[in-house]
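User: I am new to this one and would like a slow walk through it. Could you take me through how the parts meet?

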There are 2 protein chains.
Amino acid sequence: MLSREECADLDRDDPLAYMRDRFILPEGVIYLDGNSLGPLPKAAVATLSHTVEQEWGQGLIRSWDDAGWFDLPQRLGDRLGRLIGAAPGQVVACDGTSINLYKTLRAALSLRPDRRTILAEAGSFPTDLYIIEGAAEGHRTRLLGRDGDTLDDLLDDDVAVVVLSHVDYRSGALLDMRELTHKAHRAGALVIWDLCHSAGVVPVELDACEVDFAVGCSYKYLNGGPGAPAFLYAAHRHHEASRHPLTGWWGHAAPFAFERDFRPQDGIRRFLTGTQPILGLKGVEAALQLYDDVDLAALRAKSRALGDSFIALVEQHPDCAALQLASPRDSAVRGSQVAFTFPHGYAVIRAMIEQGVIGDFREPGLMRFGLAPLYLRHTDLFDAVEIMADCLRRQVWTDPKYQTRAAVT
Amino acid sequence: MLSREECADLDRDDPLAYMRDRFILPEGVIYLDGNSLGPLPKAAVATLSHTVEQEWGQGLIRSWDDAGWFDLPQRLGDRLGRLIGAAPGQVVACDGTSINLYKTLRAALSLRPDRRTILAEAGSFPTDLYIIEGAAEGHRTRLLGRDGDTLDDLLDDDVAVVVLSHVDYRSGALLDMRELTHKAHRAGALVIWDLCHSAGVVPVELDACEVDFAVGCSYKYLNGGPGAPAFLYAAHRHHEASRHPLTGWWGHAAPFAFERDFRPQDGIRRFLTGTQPILGLKGVEAALQLYDDVDLAALRAKSRALGDSFIALVEQHPDCAALQLASPRDSAVRGSQVAFTFPHGYAVIRAMIEQGVIGDFREPGLMRFGLAPLYLRHTDLFDAVEIMADCLRRQVWTDPKYQTRAAVT
């Protein structure tokens, strides 16, 4: 049995404990939804206020140069690179994940013009599938996992590109990036990895795994702010030959020459399109600075430990006996989130939120909890499970007020 | 001769004079570049600080519902609709202008599957041409104005869509939206209007002119902030049949059902793609609120008067004799900007900026001045022209320090 005292001991020994104070965390809230929207870094308050009042307000148009706005996508891209194992010059922060997936997918397809099949996971975050549908342009899409089909079953010499999620958005299952990338490469296919649920919390080694392209968002574990710009990785070796159709002036070789025809830049900037959202990028910049003081191995170790604690706390509690673990038990193949299935999960999550424990719910019956190691404590998890157990004991699902579906969360 | 006293009289009689106080305008600056980046509305400071500290910081994920984040694109779209003559349900604020042009262009092409030609202006803002190039997908693009060709010369029954700028980004020339739209329609083509240099300052009547699609940005005359989200208009009659490939979850009929296949929403939301930048949208919201107190006819009248004053002030000044007007003299066919050509224009603009008069420069030899009626006074223009004249008198282009090209501006 894991007691609250033992949780407090774990917190005391936590080498990352000092990071919690870098965030604004509302009084009375235990926030287990940082995998949907990370909390506000204190540094972002000052950065954004400076950006608005000084850079925009006083600098006006001059800030494009003087405040370095124009280079933000690449500068932040290189900062992100350290977190996802990418050498400089291969990452840009820009647009949203969907737009970036569209660009990388079209770029990948342009590199395999004779192949007509795209492989994706049936269990992908749905917007990935929608974008693949939009970008397919005559290619056929086959879904891994739909009829139990694995990559081995579906990989053949017609497959142009495989789109995979590094961490499953529901279960938190972590895929083996190196093995799957090499498997695809052996069949002549390229791979795009979706890092939305791994960047900033799970070690990612894009260069070392010889990944072709990757996309991800910065408002989940990276804490960049609501709707903050996403990012895009393209390996150096693909810059010159790949083409995508979202050719805007920020990707032009001479963006201020106002030439009539498009000429792509040499490097990663060719993956930029139009003017980028500066406030959003500055939020990301403030959030990324937090990582300057973080040892990534310690971050991963704490993330795994939080997951292990949370599973133990739920499974040891008699009132939680009806919950079924829906995530890998082995932390080595689990991201930084843990999910349980329970038929009345929606009502339980609603009732927990009312008591300050914010998790979320995904059909079918999935109670999902993000365990972000930058600011959560083992004692938070203990207290959250006590509140969850209380909701279960009270059978909150019998109360109609917890059954009305809200629009979002 | 227009004297400074007469300018002060015009300012005294200005029915919009009260609006200037709604903006932060740096001490010692006369800002004639609001057509590139509008200044900071005072209301935006409070709105953005509230969004960051309260909505993000305290509300966290709950703000998607509680703070109305999720509906911002449509809510702001309807607000924008009033400024561009669009009934509710036809405009969304989202992404950037380039992405939105891509979406509307692909949508328009989907409505004219048997036609293979796109017409665009040779003098378009270049990114429009780059995006058209990217979106063309086997269509040919013919350029209006390249060899003196007019719309009458190039319109035939192979033209699927015509892309036009309402106000030319260099000269400020204002096109006749109604006449050109109807001309294209008579040939069976659709029209997309780029409103980047007209929205918020020139009357736009999209519905009344029976426009098909339009795009525009919100960080120029609309003062939404650096890189703020753009907007997109699609006429009701085209919602159901048109298709674009940037199909993300925000455009799905049931965005929270996590269905595997894409089903577009019924209305304008089908033109949304992924999660939108909330900070940027909130900046736009604060800026649009300013228009609640603005009579649009008075705004246009002041804009025309400012242009007339500026032209008179430059042309009456003996030291400005070498400048050639590059904008329409008739304010009825001029947007809210005035440009002059001068071989040493770049150095003059640089020297003027150093003295606090911020305009900008576009090749070839174009000194461009945005005359935004919400915050500029006739006396500002008088003082700006005095400084310009001083730079010309001093022949600043003989000083090497004004010849180095900066990266942006």
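Analyst: Let me start where the chains meet: 76 residues of chain B are in contact with 77 residues of chain A, where contact means heavy atoms within 4.5 Å. The model is a predicted one, in which local features need pLDDT of at least 70 and side-chain atom pairs count only at pLDDT 80 or more, while totals for chains, interfaces and linings use all residues. Residues are numbered from 1 along each chain as its sequence is written, chains are lettered from A and ligands numbered from 1 in the order in which they are written, and side-chain values use heavy atoms, with hydrogens and water left out.

User: How much area do chain B and chain A bury between them?

Analyst: Chain B and chain A bury about 6,700 Å² between them, with 70% of it on carbon and sulfur atoms; buried area is the accessible area (1.4 Å probe) that two parts lose on being put together, summed over both. On the chain B side, Trp56(B), Tyr130(B) and Arg260(B) lose the most area to chain A, and together they make up 13% of what that side buries.

User: What about salt bridges and polar contacts between chain B and chain A, how many are there?

Analyst: There are 2 salt bridges between chain B and chain A, a salt bridge being a side-chain nitrogen of Lys or Arg within 4 Å of a carboxyl oxygen of Asp or Glu. Glu137(B) forms a salt bridge with Arg106(A), and the closest N and O atoms are 3.0 Å apart.

User: Which elements give two or more residues to the chain B side?

Analyst: They are β3 (40–41), α2 (42–59), α3 (63–66), α5 (97–111), α6 (126–135) and α10 (278–289) of chain B. Helices (H or I, at least four residues) and strands (E, at least two) are DSSP runs, numbered from the N terminus. The residues of that side divide into 45 nonpolar, 19 polar and 12 charged, with Ala, Val, Leu, Ile, Met, Phe, Trp, Tyr, Cys and Pro counted as nonpolar, Asp, Glu, Lys and Arg as charged, and the others, Gly among them, as polar.

User: And why do the copies meet through the same surface?

Analyst: Of the interface residues of chain B, 100% are also interface residues in chain A, so the copies meet through the same surface. Chain B can be laid on chain A with an RMSD of 0.0 Å by a turn of 180° and a shift of 0.0 Å along the axis, which is the relation of a two-fold axis. For this the copies are superposed by least squares on the C-alpha atoms of residues with pLDDT of at least 70 in both.

User: Switching topic, how is chain A divided?

Analyst: Chain A is divided into domain 1 (4–42 + 295–402) and domain 2 (70–291), with bounds that come from an automatic or database domain assignment. The contact takes 33 residues from domain 1 of chain A and 24 residues from domain 2 of chain A, and the C-alpha centres of the two domains lie 29 Å apart. Domain 1 and domain 2 of chain A bury about 2,100 Å² between them, 62% of it on carbon and sulfur atoms.

User: Where is the cis peptide bond in chain A?

Analyst: A cis peptide bond joins Glu363(A) and Pro364(A), with omega about -5°, and Pro364(A) lies in the loop between β14 (360–362) and β15 of chain A. Chain B has a cis peptide bond joining Glu363(B) and Pro364(B), where omega is also about -5°.
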